[in-house]
Amino acid sequence: MAYITGVSMINVDRHYDKGVKKLAAEASSKALEDAEPEALDYIVVSSSFTYASDTQLDLASYIASYSGFRGVRALTVEAGEASGLAAVGVAKSLIDSGLASRVLVVGVDKLSDRPTWEVYRYFSKFYDVEGEGIYSIGMGGIAGILMRLYMETFKVDRLTLAYWPALMHSNAKLNPYAMLRFAITPEKVLEAPPLADPITLLDSFPLGDGAAALVIEGSGKGNALAELVAVESATGYPSIALVEDPLRIESLERAYQRLTRKVDIKNVDVIELHDSFTIMGILELEALRLAERGKAAEAVSRGYFSLGGEGPVVNPSGGLKARGHPIGATGVYQVAEVSLQLAGEFPGLKVPESNHGLTVSVNGSGSNAYIAYLRSVR
Amino acid sequence: MTGLSVPAVWRGRIHRYRLVAGKCNSCGRIHYPPSHSCPHCGSRGLAEVELPRMGRLVSYSIVYSVPSESRSKAPVILGLVDLGVARVISEITDAGPEDISVGMQVEAVFRRITEDGETGVLVYGVKFRPVKEA
Amino acid sequence: MPQPRPETATGIHGWGVYVPRFRIKMEYIAREWGWSDSQWKALAMIEKAVAGPDEDSTTMGLEAAAYALKRAGVDPGDVGAVFFGTESKPYAVKPSATIIAEALGVTPVTMASDLEFACRAASEGLRASLGLVASGMIKYAIVIGSDTAQANPGDVLEFTASSGAAAYVVGPSSGSAAVFEGSYTYVTDTPDFWRREGSPYPRHGEGFTGEPAYFAHIIGAVRGLMDNLGFKPSDFKYAVFHQPNGRFPLKVGEMLGFKPEQLKAGIVTPLIGNTYNGSALIGLARILDNAAPGDRVLVAPFGSGAGSDAYSIIVTDAIEEKRGKAPKVDELVSKKIMIDYSTYAKFRNMIKIVRE
């Protein structure tokens with residue numbers, strides 16, 4: 001059994017005045033309040049972009065000492081964009097195995113420490129650097145290929161796909177930790193500058209810095225926000241060129257299958273998923289069978305995944321699109337957000353009486369996929 | 001400086017230059033670039049095959065969000081190319097956004113893919129371009 | 001009895017050309033730099049080919065060589081030399097020939113080197129190949145001439161300096177598409193055109209590139225060859241010369257006693273510009289695209305500094321089945337994308353960029 005007993009998030013933004021360690025330390029302190037180093041068995045740090053931007057190696061140990069926890073066991077987990085949930089998975093394993101009873105997971109990444117063109121270069125490293133990564137993938141090149149393929153295959157128009165970012169922006173308005181807290185119309189998405197056509201700037205995430213932390217414990221002791229029931233994952237093809245049907249995120253389908261084999265998932269009320277680009281959000285909804293293939297965008301456009309809709313509420317935080325995507329921290333934000341939803345304490349758009357939640361984290365176009373199932377303890 | 005590793009550039013030259021792919025002795029499927037084991041069935045019995053040099057554009061993206069070393073060729077057209085026996089992701093060159101459409105015929109050409117700054121190593125390899133009527 | 005000439009044991013097994021698709025019209029260059037019409041129209045130029053931002057002499061050379069190998073139908077393993085003639089090397093130090101040899105599958109048991117002699121480096125490679133093949137040291141050689149010719153922006157040279165490549169597979173005379181009859185080289189120290197180490201653009205002696213350089217050396221080589229072989233201009237069906245513009249090859253041909261109809265088939269420069277090491281060799285390729293078995297062809301490349309080689313070749317029956325195996329020059333010339341001056345300037349690195 002593993003419980004989320006403390007969470008904290010730094011608002012995603014350009015924190016020029018704070019380094020990686022500072023952001024991580026602030027998030028950690030908030031999550032732990034006044035805990036003594038001895039009360040913590042492990043720190044699991046999640047960071048991906050740091051290897052490129054800050055270049056600190058063995059980041060976890062430096063975060064540990066910087067945050068006042070010298071002596072604690074610490075390790076860094078890296079799984080690209082899926083790092084955050086991978087770290088949560090490692091932490092849960094430590095708890096489940098009995099090696100630890102209290103683990104701090106802190107996810108951190110800073111995109112604003114590097115100029116945009118350099119960030120774009122690093123983004124291609126989410127893909128196979130010996131394969132398509134040798135080309136100028138930039139930000140969204142592969143997702144752009146998928147989006148056009150989706151539109152052609154399922155005859156979905158660009159405007160229908162623009163309801164996703166509009167919903168994300170609408171959801172993020174109340175989230176104090178979100179980077180973009182303003183509403184946009186679907187039409188506005190089409191008018192935005194192209195990023196990796198057919199993807200526009202408004203189909204993608206803002207480049208911000210963030211840190212989020214979770215305290216995971218083996219026993220709830222009445223103070224838990226939520227139970228972390230299971231974390232599952234699967235690796236996938238290294239390239240969409242190798243998949244027979246590139247519009248299926250095979251790794252996520254497999255991770256979800258593993259999860260449902262392990263636990264009986266009740267009606268899911270809330271999901272935080274990995275919409276690095278609109279098309280990724282749409283394909284993930286379909287991989288989770290929350291919409292028929294080719295129909296997810298249309299379901300989004302008619303409010304199926306909005307608060308008050310028939311389906312689960314998806315990304316009430318605003319998602320990667322509007323909350324932001326500080327790479328290695330994102331999966332940690334998602335678990336913090338869903339935990340707070342299940343405890344009825346999310347400070348943004350609340351999903352009332354939510355008891356079952358999922359978070360989904362995917363690297364690139366699906367080289368790796370993680371999924372977590374959380375349950376309310378109320 | 002883009003931080004390219006010279007030995008890594010060197011190791012990949014054969015498959016980049018000649019479109020050499022891996023063919024699985026077990027399931028028969030072909031993958032590019034060649035791997036240590038078949039990405040489909042996991043078998044380690046692989047043979048090397050050269051891919052056809054003509055293909056069809058399955059989908060593409062016009063990438064404006066490029067790193068600075070790619071600015072002179074921006075926007076970069078990134079394509080998913082079907083070569084019949086396998087698909088590859090590649091840059092589509094000698095073309096602007098107005099020249100590109102799904103389903104069009106493309107042919108392999110040998111080009112500079114990137115370079116390590118002004119003084120570093122040059123990376124050559126295959127790209128694709130539209131087949132043009134004379 | 002005269003000794004048999006070693007050249008007669010050798011022949012052309014394949015030829016290939018690459019012309020980048022981008023073209024700029026002369027009018028754009030003239031307008032940008034304030035040249036009057038009469039000043040540039042004397043060059044008899046219409047358009048010039050411009051290499052794209054991801055092209056260089058190596059990439060174009062590889063494409064031409066791949067086409068030549070296709071026509072030759074030769075196993076890459078039987079190639080014993082790759083000679084790459086260029087004056088626009090992507091690496092100042094490090095051969096391009098090895099990149100091309102590797103991409104063609106010729107490596108590792110082969111000679112490979114980059115040659116420099118302004119526009120006739122490839123021709124020197126060709127002549128050396130004849131010796132290597134005739135002596136039996138190697139079976140086949142690939143000779144490539146390729147340039148992304150540089151010109152100081154605004155210089156009259158900018159009208160003609162262009163990008164393109166030609167390649168030839170040389171091997172034993174038997175089975176070849178054209179057999180060599182003889183060759184002759186004529187060089188002197190004549191500084192008509194040069195580029196100093198580290199300088200981005202060449203300098204030239206204007207009129208000095210003409211009479212004492214281009215004309216004197218080509219005439220020296222061609223007359224030497226004809227004297228050796230006992231030929232006169234009328235013995236040739238075609239004659240092709242280095243073509244720095246549309247006018248010079250006609251003029252040198254006339255000075256040597258050739259008629260315009262012998263010359264026109266080999267003049268490509270007005271449509272694609274002066275491709276430097278590719279110049280005469282692309283002209284020869286266009287002739288081979290159309291020649292009939294039995295046709296005798298004179299080809300004389302020229303390089304500043306200065307020197308010229310003259311070759312006499314006879315087309316064989318084998319040419320017919322080789323022609324269709326790779327794109328013809330006219331096809332390559334006609335596939336074009338027109339660009340304006342600013343795009344051309346960007347593609348050819350004429351805009352100063354501070355690399356981050």
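Tutor: Between chain A and chain B there are 14 residue pairs in polar contact, both residues at pLDDT 80 or more. A polar contact is a pair of N or O atoms within 3.5 Å; within protein, one must be able to donate a hydrogen and the other to accept it, and residues adjacent in sequence count only if both atoms are side-chain atoms. This is a predicted model, where local features need pLDDT of at least 70, side-chain atom pairs count only at pLDDT 80 or more, and totals for chains, interfaces and linings use all residues. Side-chain values use heavy atoms, without hydrogens or water, residues are numbered from 1 along each chain as its sequence is written, and chains are lettered from A and ligands numbered from 1 in the order in which they are written.

On chain A's side, helix H5 (116–123), helix H6 (141–154) and strand S5 (194–197) each supply at least two residues; helices (H or I, at least four residues) and strands (E, at least two) are DSSP runs, numbered from the N terminus. H6(A) gives the largest share, 7 residues.

There's also 1 salt bridge between the two chains, meaning a side-chain nitrogen of Lys or Arg within 4 Å of a carboxyl oxygen of Asp or Glu. Here A:Arg121 meets B:Glu69, at 2.7 Å from N to O.

Strands join in too: S5(A) pairs antiparallel with strand S4 (residues 54–63) of chain B over 2 bridges, and pairing takes at least two bridges found by DSSP. In S4(B), B:Ile62 sits opposite A:Asp197.
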